[in-house]
Amino acid sequence: MKRALTPGTFDPITGGHLDIITRAAQIADEVIVAVAASPKKHPLFSLEERVALVQEATAHLPNVKAVPFDGLLVDFAKDMEANVVVKGLRAITDFEYEFQMAALNYQLDRAMETIFIMSPPQYMYLSSSIVREVASLHGDVSDMVPPCVNEALKRKFA
Ligand code: PNS
């Protein structure tokens, strides 16, 4: 597996995302964290902020880089010359949505494979939306996110 994509909105990147990216980086030669613009989700952090946070959180992983994208994932994968997408699966509730996306991407481009890595138990409950919710109510998310994200959330909700 040469170059893999780990796509997502990363609003913001969590400990769960970082776990999957780290494990993908042990399997693939190179990992591109594909940060989707996702305008319909009205992200809390701008695309530039999300990319910068992913970059900072993954700075210790030499074969990982963060790149923003807009449009179809399969087109971005072709541009990046990546033929595998790596995604995390937390629980059965993730399965249907992820199954749908993987099947759609396969339909759009037969050359692109999707593989799944199971989230570890400590991150099974975690999502960016939970992190945003807790941080907006001034709860402690320091165990859920990389330190740079914790600081960025504190600034956002100061
Ligand atoms: O972190 P998310 O928001 O669950 O990630 C979803 C994402 C960004 C991977 C997905 O929405 C995506 O691939 N968007 C790009 C547009 C696209 O290719 N859509 C068709 C597949 S759903």
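**Entry 1: lining of the largest pocket.** I looked up which element contributes most to the lining of the largest pocket, and I found that α4 has the largest share, with 7 residues. The model I am reading is a predicted one, and I keep that in mind for every entry that follows. I then noted which elements each supply at least two residues of this lining, and these are β1, α1 (15-27), β4 (84-89), α4 and α5 (128-136).

**Entry 2: the pocket itself.** I recorded the space in the largest pocket as about 1,200 Å³. There are 44 residues that line this pocket, and those closest to its centre are G8, T9, K41, K87 and Y97. When I sorted the lining by class, I had 20 nonpolar, 16 polar and 8 charged residues.

**Entry 3: where the ligand is.** I asked myself in which pocket the ligand sits, and I found that the ligand sits in the largest pocket. Two elements give two or more residues to the shell around the ligand, namely β1 (3-8) and α4 (92-108).

**Entry 4: the shell around the ligand.** I noted 14 residues that surround the ligand, with T9, K41, G71, L73 and M101 as the closest. By class, I wrote down 8 nonpolar, 4 polar and 2 charged residues for this shell. T9 and K41 are also listed among the residues closest to the centre of the largest pocket.

Entry 5: In the side chain of K41, an N or O atom is 2.3 Å from an oxygen atom of the ligand. For T9, a polar side-chain atom lies 2.5 Å from a ligand oxygen atom. With L73 it is a backbone N or O atom that lies 2.8 Å from an oxygen atom of the ligand. I also noted that the ligand exposes 520 Å² when taken alone, and that the protein buries 75% of that.

**Entry 6: two backbone details.** The peptide bond from D11 to P12 is cis, with omega near 0°, and I located P12 in the loop between β1 and α1. S38, a residue other than glycine, has a positive phi, near 45°, and I placed S38 in the loop between β2 (30-36) and α2 (47-57).

Definitions and conventions: Residues numbered from 1 in each chain as written. Predicted model: local features only at pLDDT ≥ 70, side-chain atom pairs only at ≥ 80, totals over all residues. Heavy atoms only, no water. Near = heavy atom within 4 Å. Polar contact = N/O pair within 3.5 Å; in protein donor to acceptor, adjacent residues only side chain to side chain. Areas by Shrake-Rupley, 256 points an atom, 1.4 Å probe, with all protein chains shown as cover. 1 Å grid on protein atoms, 1.4 Å probe; cavity = no way out; pocket = protein on both sides within 12 Å on 5 of 7 lines; lining within 4 Å. Sits in = over half its atoms within 2 Å of the grid points. Helix = DSSP H or I, 4+ residues; strand = E, 2+ residues; numbered from the N terminus. Nonpolar A, V, L, I, M, F, W, Y, C, P; charged D, E, K, R; others polar. Points joined across faces, edges and corners; volume = space filled by probe spheres on them.
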